[in-house]
Amino acid sequence: MANEVDNEMTNELADESANELANQTNTNGNPVVSDEVDVSDENMVSDENIENDECDECNKTFETLKRLAGEIGFEHFGKLNTDALIFREEVRAMCEDDRCGSWNKSWTCPPACGSLEAISRRAKRFSEGILVQTTGSLEDPFDMEAMRDLEALHKQRFQTFVRQAEQVCSRTLPMSAGTCTLCRRCTYPSRPCRFPGRAHPSMEAYGLLISEVLERSGMRYNYGKNTMTFTSCILFQGQKPERP
Ligand code: SF4
């Protein structure tokens with residue numbers, strides 16, 4: 001039966017799926033990089049409505065990140081309008097309602113990831129960002145296997161993207177999708193995080209409404225009937241000097 005997976009459902013299912021994966025699967029697999037990806041501007045979103053201050057260095061860095069996102073295989077990517085980053089207590093309240101089952105269970109989720117004030121202060125230091133999305137097809141809205149596969153693919157891609165972005169930018173702040181699933185079982189709260197440099201709080205943990213950030217950045221949340229989309233972003237600043 002063909003049904004459309006709407007925004008809200010997509011979000012909830014992503015979180016549920018992430019939670020299941022946190023208990024069952026180690027998604028720390030090999031990076032998914034294709035040498036033959038079309039990195040034409042077809043996948044790119046128009047920058048028309050984006051009001052970020054422009055600077056040559058930022059533009060160059062963004063162009064590099066855009067190319068890397070295409071090479072890694074993200075279906076959609078575009079400039080993040082940092083004015084769209086509104087850190088909402090309501091989103092944190094949803095975390096606390098524990099609808100995804102991750103509240104107080106991971107170093108990357110509330111409350112362990114820090115108060116909204118503290119975490120948003122970190123993000124406000126950045127004026128540039130890039131959004132990346134993995135979109136795939138589902139047989140129906142209950143196609144959990146496809147959702148799990150898609151989430152794992154998105155997380156693998158994002159880990160690769162973060163590593164590459166760190167080589168390009170002076171400073172980065174990655175925001176992932178869903179709870180961290182790097183370890184089969186999170187060490188929280190009894191022992192320190194095993195991979196503090198690779199475990200990143202989600203956009204929701206930052207109190208962000210993903211649909212709002214996407215809309216105000218000129219990007220879509222829903223790519224049609226029987227599709228599901230995972231969204232992450234990297235805030236960045238500066239450009240690393242090129243090696244001689
Ligand atoms: S990397 Fe850290 S936050 Fe992620 S699952 Fe492992 S211990 Fe938990």
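The entries go from the chain as a whole to single residues.

**Ground rules.** I am working with a predicted model, in which local features need pLDDT of at least 70, side-chain atom pairs count only at pLDDT 80 or more, and totals for chains, interfaces and linings use all residues. Residues are numbered from 1 along each chain as its sequence is written.

**Chain.** I counted 6 helices and 4 strands in the protein chain; these are DSSP runs numbered from the N terminus, H or I of at least four residues for helices and E of at least two for strands. Along the sequence the pattern reads α-α-β-α-α-β-α-β-α-β. Of the 244 residues, 42% are buried, where buried means 20 or more other C-beta atoms within 10 Å of the residue's own, exposed means 12 or fewer, and partly exposed is in between, with C-beta atoms placed from the backbone. I also looked at contacts between residues at least 6 apart in sequence: 85% of them join residues at least 24 apart. A contact requires C-beta atoms, placed from the backbone, within 7 Å.

**Sheet.** In what order do the strands of the open sheet lie? I read S1-S2-S4-S3, with antiparallel pairing; two strands pair if DSSP finds at least two bridges between them. Strand S1 (76–79) and strand S3 (171–175) are the edges, each pairing on one side only. From one strand to the next the twist averages 20 degrees; axes are lines fitted to C-alpha atoms, for helices over the stretch in contact, and angles run from 0 to 180 degrees between N-to-C directions. Helix H2 (residues 56–72) packs on this sheet and touches S1, S2 and strand S4 (227–237), its direction making about 15 degrees with that of S2.

S1 and strand S2 (residues 128–137) are joined by 4 bridges, and Phe77 has Val132 of S2 as its bridge partner. S3 and S4 pair over 5 bridges, with Met175 partnered by Cys233 in S4. Although S3 is an edge strand, 4 of its 5 residues are buried.

**Helix H2.** H2 has 17 residues and spans 24 Å from first to last C-alpha, close to the expected 24 Å; the expected span is 1.5 Å times one less than the number of residues. Its buried residues are Thr61, Phe62, Leu65, Lys66, Leu68, Ala69, Gly70 and Ile72. An α-helix has 3.6 residues a turn, so residues three or four places apart point the same way. The cover over the buried residues of H2 includes S1, S2, helix H5 (144–168) and S4. Gly73 follows H2 with a positive phi near 115 degrees.

**Backbone exceptions.** Most residues other than glycine have a negative phi, and most peptide bonds are trans. I found a cis bond between Pro110 and Pro111, omega about 0 degrees, with Pro111 in the loop between helix H3 (89–97) and helix H4 (116–123). The bond from Tyr188 to Pro189 is cis too, omega near 0 degrees; Pro189 sits in the loop between S3 and helix H6 (210–216).

Asp98 has a positive phi near 60 degrees and lies in the loop between H3 and H4. Asp98 counts as partly exposed because it has 14 C-beta neighbours inside 10 Å. Asn104 has phi near 60 degrees.

**Ligand shell.** Which of the 13 residues around the ligand come nearest? I noted Trp107, Cys180, Cys183, Cys186 and Cys193; a residue is near if its C-beta atom, placed from the backbone, lies within 6 Å of the molecule.

Terms used: Two residues are in contact if their C-beta atoms, placed from the backbone, lie within 7 Å.
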